[in-house]
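I set out to record what I looked up in this model, working from charged pairs to aromatic rings, strands and surface. The entries follow in the order in which I made them.

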Amino acid sequence: WRDKIKRVIIKEGITLVGDSAFYSCGSIQKVDFPESLRVIDNFAFYSCSSLSDAPLPEKLDALGQECFAYCAFTQATIPPYVSCLNNAFVYNEHLKSIKIGGSKEVEGGIVWDGQFICCRELENVEVSPDHFYLCAVNNVLYSKDGTLISYPGGRKGGSYRLRDGTS
């Protein structure tokens, strides 16, 4: 049955997509999430190699460990309330563009390290100026304190000068 699912529609009222729920369902192309969804758990859509269309709901809080790893996204938008990303989009080899919404400060901090490992075509990283923790400088992702978070693997140009104060 895993190879026959093309589209997943998750009903309004659902707040969590569980751990490994659609793990390796390689024929899924599209997922419709309800506005009530708050968490997409670890590996939920891991290795759904045809999945390229899954707009995330505005009030989503967390993306579990590698929940969209090895999918077919070319672009993704991270909603403003997501404070925990947990390498959600690693190994999306065709991911070209990521937009990160504004974010409120959250109790307990924020998890954003190593987000786009092996996203070899990633060129464009945009961050809302409202984001309390992140910023993008010339399409490179930094924390506002100057720590380099992610350098896009597909960024064009032979050299890049880190911004002053980078750690």
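Predicted model: local features only at pLDDT ≥ 70, side-chain atom pairs only at ≥ 80, totals over all residues.

**Entry 1**

Residues are numbered from 1 along each chain as its sequence is written, and side-chain values use heavy atoms, with hydrogens and water left out.

Which residue meets Asp 32 in a salt bridge of 2.4 Å, N to O? I found Arg 7 there, a salt bridge being a side-chain nitrogen of Lys or Arg within 4 Å of a carboxyl oxygen of Asp or Glu. This pair links distant parts of the chain, with Asp 32 in strand β3 (residues 30–32) and Arg 7 in strand β1 (residues 7–9), 25 residues apart. I took helices (H or I, at least four residues) and strands (E, at least two) as DSSP runs, numbered from the N terminus. Arg 7 counts as partly exposed, with 49% relative accessibility.

I then turned to Lys 30, whose side chain also meets that of Asp 32 in a salt bridge (3.2 Å, N to O). Lys 30 is partly exposed, at a relative accessible area of 22%. Lys 30 forms a salt bridge with Asp 53 as well, and the closest N and O atoms of that pair are 3.1 Å apart. Asp 53 lies in the loop between β4 and β5 and Lys 30 in strand β3, so this pair ties together parts 23 residues apart in sequence. I recorded Asp 53 as partly exposed, at 30% relative accessibility. Through shared partners, salt bridges join Arg 7, Lys 30, Asp 32 and Asp 53 into one network. For the whole model I noted a count of five salt bridges.

**Entry 2. Aromatic pairs around Phe 68**

I next looked up ring pairs, for which rings of Phe, Tyr and Trp (its six-membered ring) must have centres within 6.5 Å; planes under 30 degrees apart count as stacked, over 60 as edge-to-face and the rest as tilted. The count comes to 11 aromatic pairs. Phe 45 and Phe 68 are stacked, because their ring centres lie 5.5 Å apart and their planes are at 10°. Phe 45 lies in the loop between β4 (39–40) and β5 (62–63) and Phe 68 in the loop between β5 and β6 (75–78), so the pair ties together parts 23 residues apart in sequence.

Why does the pair of Phe 68 and Phe 89 count as stacked? Their ring centres are 5.4 Å apart and their planes are at 20°, so the pair is stacked. With Phe 89 in the loop between β6 and β7 (97–100) and Phe 68 in the loop between β5 and β6, the pair ties together parts that are 21 residues apart in sequence.

Is Phe 68 buried or exposed? Phe 68 counts as buried, at 0% relative accessibility. Phe 89 is buried too, with a relative accessible area of 2%, and Phe 45 is also buried. I noted one aromatic cluster formed by Phe 22, Phe 33, Phe 45, Phe 68, Phe 73 and Phe 89.

**Entry 3. The sheet and the hairpin**

I looked up strand pairing, which requires that DSSP find at least two bridges between two strands. An open sheet of three strands has the order β6-β7-β8, with parallel pairing. Its edge strands are β6 and β8, each of which pairs on one side only.

β7 and β8 pair over four bridges in the parallel sense. In β8, Asn 124 is the bridge partner of Ser 97, and Val 127 is that of Ile 100. Strand β8 (residues 124–127) has Val 125 and Val 127 on a covered face, and Asn 124 and Glu 126 on an uncovered one.

Strands β9 (residues 134–137) and β10 (residues 140–143) run antiparallel and are joined by four bridges. Val 137 has Val 140 as its bridge partner in β10. Their hairpin has two residues between the strands, and Asn 138 takes a positive phi near 50° there.

Conventions:
Buried < 20%, exposed > 50% of the residue type's maximum accessible area, 1.4 Å probe, protein only.
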